[in-house]
Amino acid sequence: MSPFPGHYSYAVTIFLMIAGLYIVIARGNLIKKLVGLAIFQTSVYLLYIAPGKLIGGTAPIVDARYAVYSNPLPHVLILTAIVVGIATLALGLALVVRIREAYGSIEEDEILEQDRASASEEHGRAA
Amino acid sequence: MNPEALVLAAAAIPLAGAALIAALDRAPNVREGVTLACAGLLFAAVAALAPHVLAGARPAVELLEMFPGLPLVLRVEPLGMLFALVASALWIVNSLYSIGYMRANREAHQTRFYVCFAGALAATIAIAFAGNLITLFLAYEALTLVTYPLVTHHGDEAAKRGGRVYLGYLLATSIVFLLVAIIVTWYATGTIEFVRGGILGDRLGNAATGALLALYVFGIGKAALMPFHRWLPAAMVAPTPVSALLHAVAVVKAGVFAVVKVVVYVFGVDAMAGLGSVDWLPTVAGFTIVAASVVALRADNLKRRLAYSTVSQLSYVVLAAALLTPLSVIGAALHIAAHAFGKITLFFAAGAIYTAAHKTEVSELDGIGRRMPWTMAAFAIGALSMIGLPPTAGFVSKWFILSGAMSAEHWVAVAVIVASTLLNAGYFLPIVWRAFFRPCAAGAAHGEAPAPMVAALLATAALTVAMFFYADLPLALARQLNGG
Amino acid sequence: MIGEHLPALQVVVPLVAAPLIVLARRGAAAWLIATIASFVSLAIALALFVEVREAGVVSYALGSWAPPWGIEYRIDAANSVVLVLVALLASFVAPYAWRSAAFEVPEDQHYLCYAMFCLCLAGLLGIAITGDAFNLFVFLEISSLSSYVLIALGRDRRALLSAYQYLIVGTIGATFYVIGVGLLYLETGTLNIADLAARVAEVGTERPVLAALAFITVGLSLKLALFPLHFWLPNAYAYAPSIVSAFLAGTATKVSIYALLRFYFSVFGAHELFEVLPMGAILLALSVAAMMLASLGAVFQDNLKHMLAYSSVGQIGYITFGISLANQPALTGSVVHLVNHGVTKTALFLLAGAVAFRVRSVRFERLGGLARAMPLTCAGIVAGGFSLIGVPGTAGFVSKWYFVLGALEAGSWSMAFLPVVSSLIALWYMWRFVEVAYFRAPGPALAGVKEAPPALLVPSLALIAVTVFFGLDAPLTVGAAAQAAQVLLGGIR
């Protein structure tokens, strides 16, 4: 194991990961949850890309002048992951818009309260 | 027809009957004609098999392959032959009785009733002819499920509660204990065929074999061994023909039949005799015999009394099998038949009393023998058979069981049999005495029940007596169990 | 010529169907395309299944980039079963959707619904077929994103919140998975699953490998709704349109289980799983909790779809129970239950959809006396319930048999009782339905309710018939499952 400073990118990754996850869990606001989710996903992009970079490395061009390459594969993977992340975020936001139309709120506790109220009302009607 | 075709026919007739009956919903007369015709055909097919089996043939039919290397098989052996004969013969009588009972009491959903009844018979025949444990288990569960609509026939709150107990006990015991026992057997031996002399041998060791036996006998909840007997009284919410054929003959006999079969063909009588860990079984059976008799003594509801008497009588069969002597195994087989004839008579009588007089409690039966002499005479014969007095079938089977107990020098068993005989007399004879010798309650104006019902119960009473005088056929089949 | 490209077509057909549907726009055309795509997928899956039974392994280099550099589609005994299951269920759900979706989904959204259905199908098939760990993530997200949309199409506004919650949980799960894969990639430099297997063996139990194992386990467990990570599932299934609950209940969790099986047995091995980390014990404890507690949860639901959803969590517990024992019969049980439960639960959700179609509610208090109004539907639900209980003669019995056998193989009589006790709980919750449907007098909610139309009834009852067939004549399913178990255990070191 090399000393900690050599792995500082991991530290950033893990910080973002935990922070994102914390926001998702701790916040009741549906938009803020999505923000947390986005941060959480971003940490993964770093996790993949940072180790692929070599200091002094170039793009992988087959030529005698270049001996040290950065690994291009993580970039490709993460391009895909970013697309997926954007799609998720877009869908999540669209859902929040619909939720706001249906409930008039984007606070999770208020929505759940409304659900409980309508459920007991439904129960009462049937009984 | 060759015997294999007869086996298939026996399994298929009630199934085809069920389908036909369902299709004839709008024509009750034809529907009931079909029921009777099926019963007759089934008996004919089963009876035609008997000479083959007596001659030593063991016709087998392989059905589907359920698991790789584990097919569903029907194979006729003497015990199953005997059981199938009894069940199919009594189905004819019972159909006659049902028609009288259902019409006289104007029951609803009669088509469903006859369909399920035919289905129950199909399952019973499949149990009787099951060639391996998995076939037996499949048919056993099918019998539970197809009789559930019969038990809950009235569809009211009481029926629902009774049905819960019925299904809960039977499915829970079979799924939790019996299924595991079967899989353990399969895992330990690589086979679940029924083989004379048993398949288990000493593969599992003493303690594990004892545990496995417990899984089997308690898993076969239909044998109503205490403490898993409560479903049987609960099933008495059903209409009486159901109680008669299913809870005196088909369902409960399927239970004890399976126990005997497992003891004889899975464990093996000789192999078990050498094990110390299976000694508890006669004790449990003996306890059930006595305890159920005591409960019956205190029950005022006639059907409830009969139900507890059934619990007690079933354990005779288990006790007899558990004694592990050749004589007692014959006794077990005979008692399956003997008790069937006697108990169905008693239930028929109870149903006749309900139909004619609308009485269900023993204490209401004062002097009823004078208004319904035929019914109560048949009841008396059934009672004698339960007690084990000549000239009834019960005497024959009890004789063999008692001889077996004595030859095994199992004095606890002897004491149990004697005590229960007294208890049986104690709860049956007062009914007969009350019916014939106590004065009639005033204002009761009724005669016998409808003719088909009376005919049916007289027929079964006659069978009960006949089996005392002509015990050759059942005895010959039973003797083959011991390798004769 | 086409024959050799079947693996690619397996995914491409439904994938291309989706934009075609969007172009077609019209409801009827959309339905037709989706149905044809499902049938074609089934045909391809069956062809591959047969091919795998003969050849053992079919490997397909996507774009002719040779593995391990390019993406490989690799079909063996294990995933060919999953492909058939997914395509089979889609082929039953698609015809059913004709009437059901017309009733439950607003008309202007029909084509979108079918497009999403095809995308979801493509994603699920992709997860099963791909031999590349990252590609698996992409397909996982394709199927997940489309299923979020599908769930949100439910008429009840609670469907929106359920979809949102599922989105959050599903994304976290997928991200955990991709973190695990990233760690493996950093450690080994490869993403091809077969290649990973070889290289992980060389690397041994380095800490990143163990961390990867943990991340992948948690990520996939969220997706497959392993107790206690199942909390998203009941609402998502209950409020989604009927076709969606039916399709997802039978396929989505099952495909995730397949992915878990693949990683556990093909990539990691017995050493990491059971010696260094107590994965077996953890999985066993959670499975037992699922079998007991989630099934008990099903008993106390007041709504048919909720009950079925909780039952799903319990039944998934059976499957992971078999995985945790990791021996031949137990794993055979897991794979065969994957199929059996998928078929059973889809059939049951289809029937619940038929109930919703007529009664407009699946709450028990409205369903009293239902059997008189809809006898065939109720009989079907009862028959499906028998399979959940594991009554002999139904598919559920076959799986239970192997779970008990697996427990005995693991040397434990007491564990043999766990699956059977859980099936008693299943009896309990199914009987609540029976008593509601058969013993209560019909209420006002049932006034004028008739038997479901054949368009709904035929596919659902046909699937029930499949359940019974798999229960009576099991050598086909069990044979395939045993082969799959052998392949999986063969990878274990």
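1. B:Lys160 is buried, with a relative accessible area of 14%; a residue counts as buried when this value is under 20%. In this predicted model, B:Lys160 belongs to helix H6 of chain B, which covers residues 157–189. Leaving out residues up to four places away in sequence, B:Lys160 touches C:Glu435 and C:Phe439. Both of these partners belong to chain C.

2. One of those partners, C:Glu435, also takes part in a salt bridge. Its side chain meets that of B:Arg164, with N and O 2.5 Å apart. The count of salt bridges between chain C and chain B is 1.

3. The interface of chain C and chain B may now be described as a whole. Chain C contributes 30 residues to the contact and chain B contributes 36. About 3,000 Å² is buried between the two chains, and carbon and sulfur atoms give 82% of that area. Three residues, C:Trp401, C:Trp413 and C:Phe439, supply 25% of the area that chain C buries against chain B, more than any other three residues.

4. Which helices of chain C each supply at least two residues of the side that touches chain B? They are H16 (375–389), H17 (395–409), H18 (413–439), H19 (454–472) and H20 (475–490). Helix H18 of chain C gives the most, with 10 residues. Sorted by class, this side of chain C has 23 nonpolar, 3 polar and 4 charged residues.

5. The other interface concerns chains A and C. There are 2 pairs of chains in contact, and of these chains A and C share the most contacts. Chain A and chain B do not touch, their nearest C-alpha atoms being 20 Å apart. The contact of chains A and C takes 43 residues from chain A and 31 from chain C.

6. Between chain A and chain C the buried area is about 3,300 Å², with 74% of it given by carbon and sulfur atoms. A:Tyr48, A:Leu91 and A:Leu95 supply 16% of the area that chain A buries against chain C, more than any other three residues. The number of salt bridges between these two chains is 0, while 8 residue pairs are in polar contact, with both residues at pLDDT 80 or more.

7. On the side of chain A that touches chain C, the elements giving two or more residues are H1 (8–26), H2 (30–52), H3 (73–103) and H4 (108–126) of chain A. Helix H3 of chain A gives the most, with 16 residues. The classes on this side are 29 nonpolar, 8 polar and 6 charged residues.

8. C:Leu186 lies in helix H6 of chain C, residues 158–188, and is partly exposed because its relative accessibility is 31%. Apart from neighbours within four places in sequence, C:Leu186 is in contact with A:Tyr10, A:Leu47 and A:Pro51. C:Leu186 and C:Pro208 are 22 residues apart in sequence, and their C-alpha atoms are 8.6 Å apart in space.

9. Setting aside residues up to four places away in sequence, A:Thr13 touches A:Ser43, A:Leu46 and A:Leu47.

10. Over all chains, the count comes to 17 salt bridges. One of them joins C:Asp302 and C:Arg363, with N and O 3.7 Å apart. C:Asp302 lies in the loop between H12 (279–299) and H13 (304–325) of chain C, and C:Arg363 in the loop between H14 (328–359) and H15 (370–373), so the pair ties together parts that are 61 residues apart in sequence. C:Asp302 is partly exposed at 35% relative accessibility, whereas C:Arg363 is buried at 11%.

11. C:Arg363 also forms a salt bridge with C:Glu365, the closest N and O atoms being 3.2 Å apart. C:Glu365 is partly exposed, at 32% relative accessibility. In chain B, salt bridges that share partners join B:Arg31, B:Glu32 and B:Arg103 into one network.

Notes:
Residues numbered from 1 in each chain as written. Chains lettered and ligands numbered in written order. Predicted model: local features only at pLDDT ≥ 70, side-chain atom pairs only at ≥ 80, totals over all residues. Heavy atoms only, no water. Contact = heavy atoms within 4.5 Å. Buried area = accessible area lost by both parts, 1.4 Å probe. Salt bridge = Lys/Arg side-chain N within 4 Å of Asp/Glu carboxyl O. Polar contact = N/O pair within 3.5 Å; in protein donor to acceptor, adjacent residues only side chain to side chain. Helix = DSSP H or I, 4+ residues; strand = E, 2+ residues; numbered from the N terminus. Nonpolar A, V, L, I, M, F, W, Y, C, P; charged D, E, K, R; others polar. Buried < 20%, exposed > 50% of the residue type's maximum accessible area, 1.4 Å probe, protein only.
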